[in-house]
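Open the model in your viewer and have the selection tool ready. The stops below go from the inside of the structure to its surface.

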Amino acid sequence: MSRVAVFPGSFDPMTMAHLDVARRAAALFDSLVIGVLHNPRKAPLFAIEQRVEMIRASVAEFGANVEVQSFDGLTVEFAERHGAGFIVRGLRAVSDFEAELQMAHTNRRLERRVDTVFLMTALEFGYLSSTLAKEVAQFGGDVGGMVPPPVAEALAARFR
Ligand code: PNS
């Protein structure tokens with residue numbers, strides 16, 4: 001039976017930390033569906049279509065077992081729609097743990113067939129967040145190495 005995982009997130013925008021987790025998850029599972037949450041309660045910097053396109057461009061070299069889709073509603077329902085038995089999340093530091101623990105338990109309570117798998121974010125990207133990358137770009141700083149090239153270009157265009 002093939003092992004399918006989803007990697008959900010806001011990805012506003014994708015960082016090198018997300019990309020690293022996606023690369024490693026793609027090697028662990030038969031297929032990986034990166035799910036970009038459309039959250040009507042949040043005002044993202046990038047529209048959902050643009051976030052999806054930037055991630056598609058960033059993961060293009062990963063191979064055919066990675067796809068990128070937007071979703072709204074529950075992550076476990078997104079996982080079920082894609083026949084996924086796993087949710088992948090990255091952990092940067094202890095500070096991420098509490099919220100991730102709550103989410104993992106909530107998701108398991110909602111759907112026992114779906115398990116959450118955590119990957120430790122690579123050490124060199126452990127400090128990164130989408131929020132920080134946006135702030136650096138907003139004030140004209142260099143985000144090279146913090147975000148994938150398609151995202152760096154989009155940030156530069158946005159704050160030019
Ligand atoms: O990138 P983020 O913002 O840390 O990702 C959070 C995300 C999208 C994984 C989480 O908010 C989520 O799963 N939202 C979908 C709604 C849902 O399923 N809620 C119940 C479980 S927490």
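Select Val88 in this predicted model. Leaving out residues up to four places away in sequence, Val88 touches Ala5, Val6, Phe7, Pro8, Val21, Ala25, Phe29, Leu32, Val117 and Leu119.

Now widen the selection to the core around it. The largest nonpolar core has 38 residues, and Val88 is among those with the most contacts inside it, along with Phe7, Leu32, Ile34, Ile55 and Val59. Elements that each supply at least two residues of this core include strand S1 (4-9), strand S2 (31-37), helix H2 (48-58) and strand S4 (86-91). Helix H1 gives the most, with seven residues. Apart from this core lies another, of 10 residues, among them Val4, Val6, Val33 and Val114.

Next, select helix H5 (residues 130-138). Which of its residues are buried? They are Ser130, Ala133, Lys134 and Ala137. Look down the axis of H5: these buried residues fall within an arc of 100°, so they line one face of the helix. They pack against helix H1 (16-28) and H6. Just after H5, pick Gly140, which takes a positive phi of about 85°.

Go on to helix H6 (residues 149-159) and select Pro149. Pro149 counts as exposed because its relative accessibility is 58%, and the cut-off is over 50%. From Pro149 to Pro8 the C-alpha distance is 21 Å, and the two are 141 residues apart in sequence.

The next stops are salt bridges; the whole structure has eight.

- Select Asp20 and Arg24, whose side chains meet at 2.7 Å, N to O. Both lie in helix H1, four residues apart, about one turn of the helix. Asp20 is buried at 9% relative accessibility, whereas Arg24 is partly exposed at 29%.
- Select Glu53 and Arg56, with their closest N and O atoms 3.2 Å apart. Both are in helix H2, three residues apart. Arg56 is partly exposed at 36% relative accessibility, and Glu53 is partly exposed at 45%.
- Select Glu80 and Arg113, with their closest N and O atoms 3.3 Å apart. This pair links distant parts of the chain: Glu80 is in helix H3 (residues 75-81), and Arg113 is in the loop between H4 and strand S5 (115-120).

Finish at the surface. Select Val94, Phe97 and Leu101, which make a nonpolar surface patch of about 310 Å². Val94 is in helix H4 (residues 94-110) and counts as exposed at 75% relative accessibility.

Methods: Residues numbered from 1 in each chain as written. Predicted model: local features only at pLDDT ≥ 70, side-chain atom pairs only at ≥ 80, totals over all residues. Heavy atoms only, no water. Buried < 20%, exposed > 50% of the residue type's maximum accessible area, 1.4 Å probe, protein only. Arc of directions from axis to C-beta. Contact = heavy atoms within 4.5 Å. Core = buried A, V, L, I, M, F, W, Y, C linked by side-chain atoms within 4.5 Å. Patch = residues over 30% accessible without salt bridge, like charges linked within 9 Å, V, L, I, M, F, W, Y side chains within 5 Å. Areas by Shrake-Rupley, 256 points an atom, 1.4 Å probe, with all protein chains shown as cover. Salt bridge = Lys/Arg side-chain N within 4 Å of Asp/Glu carboxyl O.
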